Amino acid sequence: MRIVFMGTPKFAADIFQYLIEDKSVDVVGFQTAPDKIRGRGKKLVPSLVKELALKHNIPEIIPDDVDYICVAAYGKILDEDFVNKYKCLNVHGSLLPRWRGAAPVERAILEGDEYTGVSIMKMDAGMDTGAYCAQEKIKIDDKSTDELLSEMAKLGAKLLVDAMTKDVVYTEQDENLVTYAKKIEKHELDLDDLLLSSIRKIQASSKAHPSKCIIANKSVTILKAKKSDITIKPNQVLFIDKKLYLGFNDGAMQITTLKPDGKNTMEAKAFAAGIQNIRDGGLTWEKV
């Protein structure tokens, strides 16, 4: 089974790795987003998919004699002529037709969905509009976006190989059930005045889209937090029994892990220990 893989970020690279290791398929080429200028040195940096391809001597080509084009988070819509020429299968991180689009995992978390999942879809000229041949649920619980994507990649690679090597039946998407997962905007996942939405924002956040706030005049990214039953005023900061709490209009949040700007990730108690008068209860936090 000769395949070409198309993808760009870590989610795609994880799937790519599984396909490279699978003996039932032969990865003969790849495509990815162009190298990007990153860092202070302004060097061109390849995508994670390209790094993996170079490591395994996989060329950046699309031979005509391939059985399937496998796509995951490629970053752009393939044109109609291309998807008509090849058999193109896409690994999409949602239970289609729910959450078509750029940020399906984040939107599922923010909306409070109980489940997300993976769909294997036959690509057409639309955005995530094709019929799907496989779909499996993943319970969200308190998993972060990165944790869910890691789980999805492993499951998606398995379902993708099954779709290429076994007899499958395709199901057309019900257009009446479609929801759209628009991309996450800058600062969209910063903390707000409400406890539940802020906890979901933290859960949905990632390095690319952090959840930030200002605690005692210090800008921080909140990495891990949970609801608390402690009594606290809105916007108040409390540090009690080596635990750091923030007050919201509808409750309290305990911060467990955070990253101050310009510093390494640390436990909340280590951060709090470095703030003068934090035990007095007179300090506040605010939105960015």
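Asp192 is found in the loop that runs between strand 10 (180-181) and helix 6 (195-204); helices (H or I, at least four residues) and strands (E, at least two) are DSSP runs numbered from the N terminus. This is a predicted model, in which local features need pLDDT of at least 70 and side-chain atom pairs count only at pLDDT 80 or more, while totals for chains, interfaces and linings use all residues. Residues are numbered from 1 along each chain as its sequence is written, and side-chain values use heavy atoms, with hydrogens and water left out.

With a relative accessible area of 18%, Asp192 is buried (under 20% relative accessible area; exposed is over 50% and partly exposed in between, with a 1.4 Å probe and protein chains only). Its side chain makes polar contacts with the side chains of Ser198, at 3.1 Å, and Lys201, at 3.0 Å. A polar contact here is a pair of N or O atoms within 3.5 Å; within protein, one must be able to donate a hydrogen and the other to accept it, and residues adjacent in sequence count only if both atoms are side-chain atoms. Leaving aside neighbours within four places in sequence, the residues in contact with Asp192 (heavy atoms within 4.5 Å) include Phe248, Trp285 and Lys287.

## Aromatic pairs

Let's turn to the rings. Rings of Phe, Tyr and Trp (its six-membered ring) pair if their centres lie within 6.5 Å; planes under 30 degrees apart count as stacked, over 60 as edge-to-face and the rest as tilted. By this rule there are three aromatic pairs. One of them is stacked: the ring centres of Phe5 and Phe16 are 4.8 Å apart and their planes at 5°. This pair links strand 1 (residues 2-7), which holds Phe5, to helix 1 (residues 10-21), which holds Phe16, 11 residues apart. Phe5 is buried at 0% relative accessibility, and Phe16 is buried at 0%.

Phe248 and Trp285 form a tilted pair, 4.9 Å centre to centre with 45° between the planes. Phe248 lies in strand 14 (residues 243-248) and Trp285 in strand 17 (residues 285-286), so the pair ties together parts that are 37 residues apart in sequence. Phe248 is buried at 2% relative accessibility, and Trp285 is buried at 2%.

## Helix 4

Six of the eight residues of helix 4 (residues 104-111) are buried, so this helix is largely enclosed by the rest of the structure. Its buried residues pack against several elements, including strand 8 (115-122), helix 5 (145-165) and helix 6. After helix 4 comes Gly112, with a positive phi near 80°.
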